[in-house]
Amino acid sequence: MKVLQYFVICIFFIPAQLISQLGYFQQDVKYSIEAEYTSSTRTIDGNIDFRYKNNASQTLDTLYFHLWINAFSSKQSAFSKQMLRLDNRSFYFSPKSDRGYYEFVSVKDQEKELQIIQVDSQNEIIAVVLDQALVPNSEITLNIDYQAIMPKLFSRLGEGDQNIQLMHWYPRVCVYDRSGWHQMPYLALGEFYGEISQFDIKLTCDSNYEIDATGPAEHISHNLQDNTTQYRLNAEKVVDFAIILSKGNDKYQSKTVKSIDGHEVLLSVRYTDQNQIWDNAITYLEESFRYMESHVGAYPYSQLSVVETEEHSCNGMEYPCIMTVSCTEDYQDLEYYIIHEVAHQWFYNILASNERKEPWLDEGFATFYEKRYTAEKYKEDHYTSKLPNSQADYIQQPAQHYALIQQIKRHRYQAASTAPAHLAAINYGLGAYIRPALGYKYLENYLGQAKFDDIMKDFVAKWSHKHPSTKDFHQHFESACGKDLNWLWKDWVSSSKKMDYAIKKDNKRNLIIENKGDINAPIEISHDNNTYWIEGFEGTKTLDKQSENTSTTIDPELRSIDHRAENNTTLKRKIKPLFGLRGHNPNYRELFLMPTLGYNANDGFLLGVGAFNSGLGVKNLKFVVAPFFGFDTKEIVGEGWISYNQYHKSNNTTGKRFEYKLGVKSFHFNKLNNFEIANRYIKLEPSINYHFNSDQNQQQQRKVGYRYIHLLEQLTTFQDNIPTQDYLTSGIHEFSYDMKDNGPLQRSAFVSLEYMRYTTFADRRESFLKLNLETTKAWYYQENKQISLRLYGAYFITNSRRESSNFNDLFTKGSISLFSQGFNDYRYDDYSLNRTRQTGPFRNQILNGGGGFKTALGNQFRVGQSNDYAISTNITVDLPFKLPRLLRPLEIFADAAYISTKSVTSQPLAGEFFYSTGLSYTVKIDQEVALGFYYPMINSQNISDIYDQNQVSRMSFTLNLKPFNLWKASDNFNL
C-alpha cells in the first residue's frame, strides 16, 4: 500500500515542477480557526475552515501541508539530527513527555473524509488527495480537525518557563508558486516559506495569560467555571500567525505612532519586571520602526510587538507583526536585535521570499539595514564595538566582514544556497547574513545611497505581499540602475565564488590590473586622493596614471570581499612589529612579538620571546621562532617552524590543501647534576600533509601525510671519570592517516607506518618497521554525560631488537609503552616537564599516547613495554549524577592491555595482562585532553608491585599544549 501511495504522490507532484517558466501568480488562502489551548496538557484542539483558491494555470489534485509540531516527536527528525550536528543535545535526551506531536489530523470536503498520505518518514508533511481536482481559478473549502501536543520550548515553538510560544501551531499549507510545491522539514538552522494568507481566529486559553499575537486580540468571553478566556484575532496579508501567551509578572509598554502613509500603528513591548534594560525597548522599537519606514516604505499593518523570551543567550526571531527577543545583559545588544527583527517585517512578511531556499533576501537585507542603522546612529559597527580598540582599529574592517574574509581564505566558505544538511553553522551565518549584507552595502556605495533607497522603495511597493525571488530583485535593480548586476546576485550573494583583483604591473605612465578571481564586480580605484569606480572585467585592464609617482590602491576602504587585498596596492608593504596578538592588516607585513615563559626539569625556568607572522588571521605562509634562555643550563634552547599551505586551484569549499612544513626543536633532556652537564636533543622535521574533507558539514578533518625526523641526541660517557660528549643519530620515516570527526559521531582514527634507523650506545645500527593504530569513539548517555572508548594497537613488522629486554634506552629505540611518559617519547613530539629524571617535580606527568594508561611508573621500571606488539583499551565515563560546576569534569577511567614482552633477554617473549582503574578530572579541547589529574585506585598486580605505598605518589597528571596551537586552530576551526 505504501508503494502505491508514494506512486500517487509522484504522479501528482512531478508535473508541478515543470511550471517554473510560467508567469507570476500566488494562491489565495484563508484560515478560519477555532482552537483551545489547555496548558495542563499542552494540548491544542483545533478546527479549521480552510479556503484555498488556485490561481495557477495548473490543475491541482493534491494539497500539501506542513505538520511542523511533528518535528518534535522523534529523535530521527531532521530537526533533531541538525541539533545534534550543532552540538545541542537538549532535545535528543529530552523525556517523551517534553516532546510534541499531532495526535490526529482529519480533512473533510463537504463532510467527506479525504485521503491523507504521509509524505516523509516523520510525518512533517502530508498530502491531502482531493476528491475533485482543483482547476485554475477555482477554490475549495476544507474542514480540518486536529489535536496536537505542543512540545516544551526547544526551538521557537513550545512551552517555556516564561511564556508559551504558539508558532506553527496549526496544519499549514505548503507554498505553491512558479517553482511548484515547497515542502520542507522544520529546522533550527534554516527558516521558512509561507503563503500570504488571511486569518480569522478564535482562541480559548487560561485567563491568567497575557496575549500578544500577529493580529490584535479582542476579548470575547470569560468562563469563570474553568477560568478561561476566548479571544478573537484577525490578520490579513501575513505569511503566518504567531501567538505568545505570557505567564504574568510582566511589564507592558505601548505607544501609538503614525505610519508615513497616515494610518496608526500600535507599538508594544512586553518583558519581565526584573529586566531593567528593557525599559528602553519601546524607544528602540519606535526608532527602528521609523528608520525602516523612511528608507524602505510604509508599514501596512496596525500593530508591531516585541516580547521578551527566556532563552539563555541574546537572540531574536521574527513573525508577522510580532517578534521575540532574548537579551538580559547589554543595552546595545537589545537594540541590535530589535532593529534586526523589525527589519525582518519588510524582508520576511511584507516581501514573503523563500527563507529556506534564498536566505540572503531575508536575513541579508535585514542585516544590511541593521548595520546601516547602527553605523548612522553610533558611527560604529555593533560587533566591532565589542572588540578591544587595538584590534578593531588595526584590522580596518567590521568584525564579521573580517571573519568572512578569513573563512574565504581558508577555502572553507560554503554558499548559503548549500542544502542545510550539508551547511556548516558558521557558513550559514556568514552566507545568509554577512556576505549578502556586504554585497548590498557595496551596491549602495557603487550606486549612491539615494539611488539605492529609491530603487528599494520602488521594489517593496511593487512586490509587497508577493513572493519575490532573487531573479525578481536582480531584474528590478538592473532595470532601475541600467547596469549589469550579475556580479552581485549570481556571484557575490548566492555563490561561494572568490573575488581577487590585483595590480599586475606598474609602469611609468600606466597601470595593469588583473582579475584573478571569479567575480567581475565593479571596483573602486584610488590614485592618491582621487577615488573613482570602474566597471568589472575579466582578464586584465590598463589604466592611465596621472604621473609616474602616483600610488594606486584597489578598494582602498576594504569594502569588498577580495580575500587577497595584499596585492591591491602599488605601495610597498612595510614590516610592522606588533606586540601581542592581532588580526591581519593587508597594508603591512606583520611580525608579531610575544614574551614567553616555560619550564622543564633539565633547563629550569625558560624565558624567551616568540616571533611569528600569523596572528588572528589566515596566511598561507606562516612561521614561528621561539628561542628561550634556560636559567639552569645557561643555554639557548627552543623551537621554530615554517609552513606553507597550497590550496586547490578549484573553487573548493572544503579546505583541501597541501601543507609543507619544516620544523626544528631543541631542549635538554638529561641533566647530570654532579658534573654540571646537560645533554640536549636536536630535532629537524620536514613534512608534507594533504588535508581533505569528504564531509560537507566540515566537521571531519582528514589528512594523509609523510614526515621525516632527523634526531641528534647528545650522549655523555666517562673515561677515568672525565666526561666526553658525542651524538647518537636517528632517522624516522612516518606515513600516516589521521581523521577527526567533531560532529555528533565524536570519533577519530589514526594509522601510521613508521620506519626508524638509529645508532645505539654500543655504536650499533638498529632498525624497525612499526604499525600503529588508534581509534576513539564517544557516546552521550545523557545530555552532557559521555562514555569514551579508545582502542590502541601497535606491532613491529620488523625489529632488530625484538628479542631485547631493553626498552627506550641507549640500546633500544621505539619500544611500545602502555605508560606514555617523557622518557619513552623517543620522537620528542610532546612537551614534557620532566623527561628523564626519576626524582624532582613533575615526574608523574603522563602524555596522551601509547597504551593510554594513567599510571606514571617512571623510567627506572621496565614494566608495560614491548618490542613486539601490544593492544590496549581505555574507557572513561562521566559520573552519572549531577555535580557542582567545578566537579563536572570528574570521570571514572578504566585501562586494560595485553602485551608481548620479556623481563630478561634470555627468556622467550610472553603475553602479560595489565589493568588499572580510578578517578580522573579532565579538561578537554577539541576531543583532546588538555589538562588532566588521575588517581589510579585498583591496579593489576604487576602495577601494584612497583607502586609506592604512599597514596599521593600514585597521582599523575597530563599537561598537553597541542590543543592550544593557535595556528592549527586557525586552519581547522569549525562551528
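The axes are lines fitted to C-alpha atoms, for helices over the stretch in contact, and angles run from 0 to 180 degrees between N-to-C directions.

This is a predicted model, in which local features need pLDDT of at least 70 and side-chain atom pairs count only at pLDDT 80 or more, while totals for chains, interfaces and linings use all residues. Residues are numbered from 1 along each chain as its sequence is written, and side-chain values use heavy atoms, with hydrogens and water left out.

**Whole chain**

Helices (H or I, at least four residues) and strands (E, at least two) are DSSP runs, numbered from the N terminus. Along the principal axes, the C-alpha atoms fill a box of roughly 110 × 80 × 55 Å.

**Stop 1: α5 with α9**

Select residues 359–378 for α5 and 449–463 for α9. These helices pack at an angle of about 140 degrees, their axes 15 Å apart. α5 and α9 are therefore oblique to each other. Their crossing is left-handed (the near helix is turned anticlockwise from the far one by less than a right angle; clockwise would be right-handed). Now show side chains. From α5, the contact uses F365, F368, Y369, R372 and E376; from α9, Q449, F452, D453 and M456. Contact means heavy atoms within 4.5 Å. By class, the α5 and α9 contact residues divide into 5 nonpolar, 1 polar and 3 charged. Ala, Val, Leu, Ile, Met, Phe, Trp, Tyr, Cys and Pro count as nonpolar, Asp, Glu, Lys and Arg as charged, and the others, Gly among them, as polar.

**Stop 2: α3 with α5**

Y284, E287, S288, Y291, M292 and H295 in α3 meet Y369, R372, Y373, E376 and K377 in α5. The α3 and α5 contact has 5 nonpolar, 2 polar and 4 charged residues.

**Stop 3: α10 with α11**

Move to 470–481 for α10 and 486–493 for α11. The packing angle is about 150 degrees, with the axes 9 Å apart. α10 and α11 are therefore roughly antiparallel to each other. Pick out T470, F473, H474, F477 and E478 on α10, which make the contact with N486, W489 and K490 on α11. This set holds 3 nonpolar, 3 polar and 2 charged residues.

**Stop 4: the β6-β7-β3-β11 sheet**

Switch to strands. This open sheet has 4 strands in the order β6-β7-β3-β11, with antiparallel pairing. Two strands pair if DSSP finds at least two bridges between them. β6 (115–118) and β11 (172–173) stand at the edges, each with a single partner strand, so one side of each has no neighbour in the sheet. Begin at the β6 edge. β6 pairs with β7 (residues 125–134) over 4 bridges. Select I116: its bridge partner in β7 is V128. The two strands form a hairpin with 6 residues between them, and N123 in the turn has a positive phi of about 60 degrees.

**Stop 5: the β9-β10-β18-β15 sheet**

Another open sheet of 4 strands runs β9-β10-β18-β15, with antiparallel pairing. β9 (158–159) and β15 (210–213) are the edges, each with a single partner strand, so one side of each is left without a neighbour in the sheet. Q165 has I244 as its bridge partner in β18.

**Stop 6: two backbone details**

Select D87. D87 has a positive phi of about 65 degrees although it is not a glycine. Look for it in the loop between α2 (78–85) and β4 (101–109). Finish at K237, in strand β17 (residues 228–238). K237 is not a glycine either, yet has a positive phi of about 55 degrees.

Note on methods:
Angles under 35 degrees count as roughly parallel, over 145 as roughly antiparallel, 65 to 115 as roughly perpendicular and the rest as oblique.
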